[in-house]
Amino acid sequence: MRQMIIAGNWKMNKTITEAKVLVSELKEELNGAEAEVVFCPSTLVVSSVKEELKGTDIKIGAQNMYFEESGAFTGETSPLMLKDLGVNYVILGHSERRNIFGESNELINKKVVKAFETEITPILCVGESLEVRKSGKEVSFVSEQIEKCLVEVKDEQVKNMVIAYEPIWAIGTGETATSEQAEDMCKEIRNLIEKLYNTDTASTVRIQYGGSVKPANAKEILSMPNIDGALVGGAALKKDFIDIVKAI
Ligand code: PEP
């Protein structure tokens, strides 16, 4: 039985002061939720958020990291630094990293491998643009992303990771994939994992949907058999996040 996982990607929002306010508004309602709940604030805010979350079962995720442990990599964050902060998860390959910062599947693969080596669980994001969807090639596009990002990743590791299907056309646009569209792709992803690994791995890996998830659509999306949770952007910055977690 896969435990649902709802992660809030705060992106480049919330100063330390603002983050503390948000955490104090959310933590009581979310502590002990049926789903695993993860807050993913800016790396600079992680220790303050962690401090505020003491005594709760809410987990912490980072939004990115580099694949080297130390050295001359100006502006980058080391996986060891994240580990030292007590981070449980790291979002890798978010479409904003891919599109704004030019991250390739090959680079993301190195980060995924390093995350496992550091014992930080990756939340690997994949998803197609509107152009790709209109061309009808979304399944092969997403499959290629997954295959390339999982090179050298073993079945036992895949079992523990999270894959987030986030169609780019639904991120921050208010436009959600229909629950059928989301389910269809998550099912394709699970079938691909079965093909690349085995049935046990495919039935254990958790697959989230992300893209304009809000209280109004959460229940329907989260009731789909192959969707094991949500990666939430905008709605994770307000009390709506509580309603999304409670929609399960
Ligand atoms: C995201 O950025 O991962 C995301 C899903 O954003 P939103 O919920 O705002 O569409």
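Helix α4, residues 95-100, gives the largest share of the lining of the largest pocket: three residues. The model is a predicted one. In it, the largest pocket holds about 620 Å³ of space. Its lining counts 20 residues. Nearest the centre of this pocket lie K11, M12, Q63, N64 and R97. By class, the lining of the largest pocket splits into eight nonpolar, eight polar and four charged residues.

The second largest pocket comes next. Its volume is about 240 Å³. It is lined by 17 residues, and G172, S212, V213, G233 and G234 are the closest to its centre. Here the lining divides into five nonpolar, nine polar and three charged residues.

Now look at the ligand itself. It is surrounded by 14 residues. The closest are K11, E166, G172, S212 and G233. K11 also belongs to the residues nearest the centre of the largest pocket. By class, the shell around the ligand is made of four nonpolar, eight polar and two charged residues.

H94 uses its side chain instead. An N or O atom there is 2.8 Å from an oxygen atom of the ligand. How much of the ligand does the protein cover? On its own, the ligand has 290 Å² of accessible area, and the protein covers 95% of it.

Rolling a probe the size of a water molecule over the atoms shows where empty space is left. The count comes to one cavity of 30 Å³ or more. The largest cavity holds about 40 Å³ of space. Which residues line it? They are G93, H94, S95, R98, C125, V126, G127 and E166. Two elements, α4 and β5 (121-126), each give two or more residues to this lining. By class, the lining of the largest cavity has two nonpolar, four polar and two charged residues.

Some names return here. H94 lines the cavity, and its side chain makes the 2.8 Å approach to a ligand oxygen. E166 lines the cavity too, and E166 is among the residues closest to the ligand. Helix α4 contributes to the lining of the largest cavity and to that of the largest pocket.

Definitions and conventions
Residues are numbered from 1 along each chain as its sequence is written. This is a predicted model: local features need pLDDT of at least 70, side-chain atom pairs count only at pLDDT 80 or more; totals for chains, interfaces and linings use all residues. Side-chain values use heavy atoms; hydrogens and water are left out. A residue is near a molecule or strand if one of its heavy atoms lies within 4 Å of it. A polar contact is a pair of N or O atoms within 3.5 Å; within protein, one must be able to donate a hydrogen and the other to accept it, and residues adjacent in sequence count only if both atoms are side-chain atoms. Accessible areas come from the Shrake-Rupley method with a 1.4 Å probe; for residues, only the protein chains shown count as cover. Ala, Val, Leu, Ile, Met, Phe, Trp, Tyr, Cys and Pro count as nonpolar, Asp, Glu, Lys and Arg as charged, and the others, Gly among them, as polar. On a 1 Å grid over the protein atoms alone, a cavity is a set of points where a 1.4 Å probe fits but cannot get out, and a pocket is an open set with protein on both sides within 12 Å along at least five of seven lines; lining residues have an atom within 4 Å of a point. Grid points are joined across faces, edges and corners, and a volume is the space filled by probe spheres set on the points. Helices (H or I, at least four residues) and strands (E, at least two) are DSSP runs, numbered from the N terminus.
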